[in-house]
Structures are given as structure tokens and as C-alpha cells.
Amino acid sequence: MTNETRAPALFFAPFVSSSMRVEPQWIDYNGHLNMAYYHVLFDRAVDEVFSLVGLTRDYVETRHASTFTAECHVLYKRELTEGDLVRVTAQLIAFDDKRLHYYLEMRHANEGWLAATSENMSLHVDMVHRKVTPFPPDILANLALMKAAHSMMPLPAAVGRIIGMPERRSIKVEDPAREPETETRH
């Protein structure tokens with residue numbers, strides 16, 4: 001047995017993914033990136049950032065555990081079109097022994113404008129029993145280092161946003177089957 005000492009992971013705040021290109025087959029009949037492929041791009045970036053804390057394909061194969069997304073809230077801010085290059089930033093908002101709460105921003109790689117955001121909750125899952133289970137100590141230690149680096153960043157305004165329609169003044173809908181009421185003045 002060797003006494004190998006592993007250097008602590010270094011985490012940038014925020015994490016920035018490699019550049020990814022919008023593929024021609026991902027364009028829908030509206031002429032822009034289909035919503036499903038925003039998720040593909042976000043997911044590829046998540047694979048990159050999770051690998052920094054040790055959550056890799058090798059982790060799944062050797063430790064028989066993985067992460068499953070339990071909740072995802074995407075905001076589409078600006079259209080992407082064929083050939084656009086994007087980068088995704090990631091910020092670890094919070095974690096506990098079984099969950100990760102993180103926020104992603106997808107930006108045009110050359111021009112910097114915001115295309116979409118994604119707020120996510122992922123669970124650590126035992127792949128043998130298909131049940132949520134605690135992260136092992138080494139992964140928790142890496143998550144703590146990432147959280148420490150990311151805690152210096154401000155909390156994104158979109159975090160915790162609830163989907164819904166804001167109340168407006170009442171909208172009058174005419175019922176064509178109903179006789180119009182005549183106004184009487186007294």
C-alpha cells in the first residue's frame with residue numbers, strides 16, 4: 001500500500017465549461033435550438049463540473065453510485081441558432097450529505113450574452129438498490145472545497161424562483177351565449 005497524498009482540488013468561481021457548439025440537427029422548425037438540447041448542453045457541462053469533485057463514469061462503475069437530477073428549472077432568455085458556441089458556468093449553491101443544489105448559466109461563448117439558466121437539485125443514488133444514499137467522505141470533502149470557493153459569489157437572482165403567472169387586473173371575457181345587460185340609471 002502506498003502513502004499517496006492527493007492534492008486538494010482547485011475550484012474556480014464560477015466553474016466554466018469547455019466551449020460547445022449548437023449542432024444542425026438540434027434546430028427545430030422555429031429556426032432555433034430546440035429546448036431539449038439546452039438540457040443536453042447543460043448536462044454536458046454538469047458532467048465536466050461533477051468530474052472535478054470525483055463524480056465520474058469511473059465513480060459509477062467502481063463505487064456503484066451516481067447522481068440523479070430530481071428537479072430542474074430552466075429559463076430560456078435568448079435564442080441560440082445553428083453553429084453558435086456556448087459555455088456554461090456552474091455555481092454550487094448548497095449541498096448536504098445526499099443532495100446538490102446548483103445553478104448554471106449558458107452564455108454565447110464569443111459575445112457573452114445570456115442564453116439560458118438552469119437551477120437544479122440532484123440526489124446521490126446507490127445504483128445497486130436505486131435509493132438515495134449519502135456521499136462518501138472524499139466526495140463530501142471535495143464538495144465542501146467547491147462550496148467554499150463558490151460562496152464568495154453572490155446568490156443569483158433567479159435562484160428559488162417559482163413558476164407562475166403574476167396577478168393582473170381582471171380581464172373581462174365576454175360570454176357570447178349571454179345577453180348583454182342594459183344599464184339602468186336611477
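Here is a short chat about ring pairs and cavities in this predicted model.

The model is predicted, so local features need pLDDT of at least 70 and side-chain atom pairs count only at pLDDT 80 or more, while totals for chains, interfaces and linings use all residues. Residues are numbered from 1 along each chain as its sequence is written, and side-chain values use heavy atoms, with hydrogens and water left out.

User: Why is the pair Trp-26 and Tyr-37 called stacked?
Analyst: Rings of Phe, Tyr and Trp (its six-membered ring) pair if their centres lie within 6.5 Å; planes under 30 degrees apart are stacked, over 60 edge-to-face, and the rest tilted. Here the centres are 5.0 Å apart and the planes sit at 10 degrees, so Trp-26 and Tyr-37 are stacked.

User: What parts does that pair tie together?
Analyst: Trp-26 is in the loop between strand E2 (20–21) and helix H1 (35–52), and Tyr-37 is in helix H1, so the pair links parts 11 residues apart in sequence. Helices (H or I, at least four residues) and strands (E, at least two) are DSSP runs, numbered from the N terminus.

User: What makes Tyr-38 and Tyr-76 edge-to-face?
Analyst: Their ring centres are 5.0 Å apart and their planes are at 80 degrees, so that pair counts as edge-to-face. Tyr-38 lies in helix H1 and Tyr-76 in strand E3 (residues 65–76), so the parts tied together are 38 residues apart in sequence.

User: How do you know whether Tyr-38 is buried or exposed?
Analyst: Buried means under 20% relative accessible area, exposed over 50%, partly exposed in between (1.4 Å probe, protein chains only). Tyr-38 has 4%, so Tyr-38 is buried. Tyr-76, at 37%, counts as partly exposed.

User: What puts Arg-78 over the face of Trp-113?
Analyst: The rule asks for NZ of Lys or CZ of Arg within 6 Å of the ring centre and within 35 degrees of the ring normal. Arg-78 lies over the face of Trp-113, at 4.0 Å from the ring centre.

User: Which element gives the largest share of the lining of the largest cavity?
Analyst: That's E4, with 3 residues. A cavity is a set of points, on a 1 Å grid over the protein atoms alone, where a 1.4 Å probe fits but cannot get out; lining residues have an atom within 4 Å of a point. Val-49, Phe-50 and Leu-92 are among the lining residues.

How values were computed: On a 1 Å grid over the protein atoms alone, a cavity is a set of points where a 1.4 Å probe fits but cannot get out, and a pocket is an open set with protein on both sides within 12 Å along at least five of seven lines; lining residues have an atom within 4 Å of a point.
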